[in-house]
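These are my notebook entries on one structure. I looked up selected contacts and positions and recorded each in turn.

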Amino acid sequence: MTSVFREQLYIGGQWVPPDSGERIEVENPYTEEVFGHVPAGTAEDVNLAVSAARQAADGWASASPAERGAALGHLHQALAARAGEIAETVGRELGTPLKVAKAVQAGLPLTVLSGYAELAARASEEETIGNSLVVHEPAGVVGAITPWNYPLHQIVAKVGAALAAGCTVVLKPSEMTPLVAYLLFDAAHEAGLPAGVLNLVTGTGPVVGAAIAGHPDVDLVSFTGSTATGRAVSHAAADRIAKVSLELGGKSANVILADADLVKAVKVGVGNAFLNSGQTCTAWTRMLVHRSHYDEAVELAAKTAAGYTLGDPFDPATRLGPLASAGQRDRVRGFIERASSARLVAGGLDAPLPDTGHFVAPTVFADVDPDSELAQEEIFGPVLSIIPFGDDDEAVAIANNSRYGLAGAVWGSTDRALAVARRLRTGAVDVNGGAFNPFAPFGGYKQSGIGRELGAYGLAEFQQVKAIQR
Ligand code: NDP
């Protein structure tokens, strides 16, 4: 496959040379070879991009909702034409198996973007409360900082909503997966998005990300990534009281009640925990199982994990790709190494692995202490913890024993499962395998974040509300 060298940034509707000649190399985590590079942007590049976004802000905000919807429709069309290239690019820079990359890494953001092309028309809806006319206005210039695990989806969830709301955007994608972001900007250029409405500055978090978060002319910072970095971004924005929305980590519980369809609950649960090699913020990494079928669940989960085929993301037989980087692999291995009190039932550090690539074998621990590191920390790799419980109250207590609150699942008879779902302190819960809904609000309780993405709730994050009294 060919190398991909991108030498420019996208600012003010043009491809422009970066401030410095420094570059960031992009590695293929399966071959462990560098196959591309992008500019390492600087704070000066951020200044130019923010200034371009500011200049474009009034024009874009005053465009009619129909015009903004049409522009997003054209962007969607141009991006859809690149769907195959998107899946292959994410397969190469992240290691997602191609089948999953096509459905999730390319298909999902296209669905989300087409939704925002439609929602743009409703962004200016007004309401009357007594003698007040309540209007929704664009929040202004948005700084978007995104991670590497679902790189285009996480970008589009911000960019689609912000543009639909009438905001202009400066984006910093992850330095590990920047190439797919370039495909979005190729599409934006082709679609003729007005100059300055959408700007790209690639680079590292501590340089470009920090410059965006702390920039005096950025009105709103929308961040997805780790809780630790989310905290730093919040601090940087706090000095000027800029609005921040955060999509952070998770440690979601998959609660399998006494009257659940056990086989389905365990199989779907393992699949969820290991999707994208476990590098998913909503991954159900804690499987809570009623004692009456605990042993059976452990056996089934171990067998399901052992059945995964690891290998080349471009081989159709591959079910589990490598982790995104050597650093990420070592971090995950560290959690497995330190998990001495739990019972290893599948995978582990000695399991066979492909010859190349940053792999960790799909790993299952049983009898995990709910207070242990395994059960409390976001591991972000293919590591599942199984924990027994005695009754529904105990299940809820264990599930909520987390500083995170992003997602979760409950399996059991409908009314009972719904009752438990309502008691979970998380932003989303799937009952009996309910499918992910890309138009429903997505976000976290507790340290999983602030605000919501996706659909109309996601759009509202990028709006100010004004009351006009008459
Ligand atoms: P980070 O949170 O550090 O990265 C997310 C984004 O923030 C990247 O674009 C990063 O830049 C940027 N960033 C880093 N430092 C700063 C800063 N000081 N100011 C502004 N932006 C910054 O995640 P990591 O990639 O380091 O992953 C570490 C762990 O975080 C994972 O193992 C996982 O547990 C968790 N994580 C969770 C995610 C989720 O969706 N819940 C997503 C990604 C990670 P850069 O390009 O330099 O990395």
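Is aspartate 217 buried, partly exposed or exposed? I find aspartate 217 partly exposed, with a relative accessible area of 29%; buried means under 20%, exposed over 50%, and partly exposed in between, with a 1.4 Å probe and protein chains only.

**Entry 1. Basis.** I note that this is a predicted model, in which local features need pLDDT of at least 70 and side-chain atom pairs count only at pLDDT 80 or more, whereas totals for chains, interfaces and linings use all residues. Residues are numbered from 1 along each chain as its sequence is written, and side-chain values use heavy atoms, with hydrogens and water left out.

**Entry 2. Salt bridges.** I searched the whole structure and found 15 salt bridges. The criterion is a side-chain nitrogen of Lys or Arg within 4 Å of a carboxyl oxygen of Asp or Glu. As background, side chains of opposite charge can pair when their charged atoms come close.

I began with the partner of aspartate 217. Arginine 54 forms a salt bridge with aspartate 217, and the closest N and O atoms are 3.2 Å apart. Arginine 54 belongs to helix α1 (residues 43-62) and aspartate 217 to the loop between α7 and β11, so the pair ties together parts that are 163 residues apart in sequence. Helices (H or I, at least four residues) and strands (E, at least two) are DSSP runs, numbered from the N terminus. Arginine 54 counts as partly exposed, at 29% relative accessibility.

I then turned to arginine 23, which has a salt bridge to glutamate 7 with the closest N and O atoms 3.3 Å apart. Arginine 23 sits in strand β4 (residues 23-28) and glutamate 7 in the loop between β1 (4-5) and β2 (9-11), so this pair ties together parts that are 16 residues apart in sequence. Relative accessibility is 49% for arginine 23, which counts as partly exposed. Glutamate 7 also counts as partly exposed, at 37%.

My next pair was aspartate 393 and arginine 423, a salt bridge whose closest N and O atoms are 3.0 Å apart. This pair links distant parts of the chain, with aspartate 393 in helix α13 (residues 392-399) and arginine 423 in helix α14 (residues 414-423), 30 residues apart. I record aspartate 393 as partly exposed at 49% relative accessibility, and arginine 423 as partly exposed at 39%. I also note that salt bridges with shared partners join Arg54, Asp217 and Asp219 into one network.

**Entry 3. A buried arginine.** What does the side chain of arginine 286 reach? I located arginine 286 in strand β14 (residues 286-290). Arginine 286 is buried yet has no salt bridge, and the nearest side chain of opposite charge, aspartate 371, is 8.3 Å away. For charge, Lys and Arg count as positive and Asp and Glu as negative, while His and the chain ends are not counted. The side chain of arginine 286 reaches the backbone oxygen of alanine 399 at 2.7 Å.

**Entry 4. Ligand shell.** Which residues come nearest to the ligand? Of the 26 residues around the ligand (a heavy atom within 4 Å), I list Thr146, Trp148, Glu175, Gly205 and Ser226 as the nearest. An oxygen atom of the ligand is 3.0 Å from an N or O atom in the side chain of threonine 229. I found a ligand oxygen at 3.0 Å from a side-chain N or O atom of glutamine 328. For glutamate 378, a polar side-chain atom lies 3.1 Å from an oxygen atom of the ligand. The protein covers 86% of the 860 Å² of accessible area that the ligand has on its own, as computed by the Shrake-Rupley method with a 1.4 Å probe.

The elements that give two or more residues to the shell are α7 (205-213), β11 (220-224), α8 (227-238) and α11 (326-338). Helix α7 gives the most, with three residues.

**Entry 5. Positive phi.** I checked two residues other than glycine. Isoleucine 241 has a positive phi of about 55 degrees and is found in the loop between α8 and β12 (243-247). Isoleucine 241 counts as exposed, at 74% relative accessibility. Asparagine 276 has a positive phi near 60 degrees, and I placed asparagine 276 in the loop between α9 (262-274) and β14. At 6% relative accessibility, asparagine 276 counts as buried.

Technical notes. Polar contact = N/O pair within 3.5 Å; in protein donor to acceptor, adjacent residues only side chain to side chain.
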